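Please examine the following chain with its coordinates at hand. The paragraphs after it proceed from the overall fold to the core and then to the aromatic pairs.

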Amino acid sequence: MSKTGKPNSLLIELVIVLLFFSLSAVVILEVFVAAHDKSVGSVVGSEGTFMAEDLAERFYASSMDPEAFLLEEGFVKAGENLYAHEARVNKYIITLSAAVSREQEPWGSLDTIELTLRFGNSAFLTVPAVRYMPKEGTP
């Protein structure tokens with residue numbers, strides 16, 4: 001009678017060991033997926049940051065009207081003083097939105113574009129681009 005109990009306990013031990021390893025594999029897989037998502041977010045955020053900073057520097061160096069500059073760069077009008085542009089980075093789509101404001105003074109104008117980088121459902125970064133354009137004849 002004692003011989004019939006040993007194989008059953010061995011099978012139960014093997015099932016428990018297999019269950020433990022399968023649960024461990026699931027947890028490790030979830031950790032790797034989360035790490036991959038963080039890595040993708042980091043790469044996309046880095047590329048988007050570079051794009052926003054490059055656009056801000058080119059705006060500062062140009063002498064064009066802010067609206068004309070954004071339209072030339074591929075932005076579309078999304079509302080009053082709002083423009084949007086979608087770009088693809090490594091199979092992912094990021095959105096750059098631009099809010100334009102202009103302050104006119106007797107000696108010139110202060111043009112501001114506030115660029116917001118969106119990835120997924122949240123804003124990732126906001127970069128202001130400010131440029132002073134003196135009127136002709138002012139020192």
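How many helices and strands does the secondary structure of the protein comprise? There are two helices and five strands, where helices (H or I, at least four residues) and strands (E, at least two) are DSSP runs numbered from the N terminus. Along the sequence they follow the pattern α-α-β-β-β-β-β. The model is predicted, with local features requiring pLDDT of at least 70 and side-chain atom pairs pLDDT 80 or more, while totals for chains, interfaces and linings use all residues. Residues are numbered from 1 along each chain as its sequence is written, and side-chain values use heavy atoms, leaving out hydrogens and water.

The overall dimensions come next. The C-alpha atoms fill a box of roughly 110 × 25 × 20 Å along the principal axes. The radius of gyration is 28 Å, whereas a compact globule of 139 residues would have one near 14 Å; the value is taken over C-alpha atoms, and the globule rule is 2.2 Å times the number of residues to the power 0.38. Of the 139 residues, 24% are buried; buried denotes under 20% relative accessible area, exposed over 50%, and partly exposed in between (1.4 Å probe, protein chains only).

In soluble globular proteins, nonpolar side chains tend to be buried together. A nonpolar core is here a set of buried Ala, Val, Leu, Ile, Met, Phe, Trp, Tyr and Cys residues joined through side-chain atoms within 4.5 Å. The largest such core has 21 residues, of which L70, F75, A98, I113 and L115 touch the most other members. Two or more residues come from each of α1 (5-61), α2 (66-72), β2 (82-89), β3 (92-105), β4 (108-119) and β5 (122-134), and α1 gives the most, with six. Beyond its neighbours within four places in sequence, L70 is in contact (heavy atoms within 4.5 Å) with F75, Y83, A98, V100 and I113.

Three aromatic pairs are counted. Rings of Phe, Tyr and Trp (its six-membered ring) pair if their centres lie within 6.5 Å; planes under 30 degrees apart count as stacked, over 60 as edge-to-face and the rest as tilted. The pair of F59 and F69 is tilted, because the ring centres are 5.6 Å apart and the planes stand at 55 degrees. Since F59 lies in helix α1 and F69 in helix α2, this pair ties together parts 10 residues apart in sequence. F59 counts as buried at 1% relative accessibility, as does F69 at 3%. The rings of Y92 and F119 have centres 6.2 Å apart and planes at 80 degrees, so this pair is edge-to-face. It links distant parts of the chain, with Y92 in strand β3 and F119 in strand β4, 27 residues apart. Y92 counts as partly exposed at 29% relative accessibility, and F119 counts as partly exposed at 24%.
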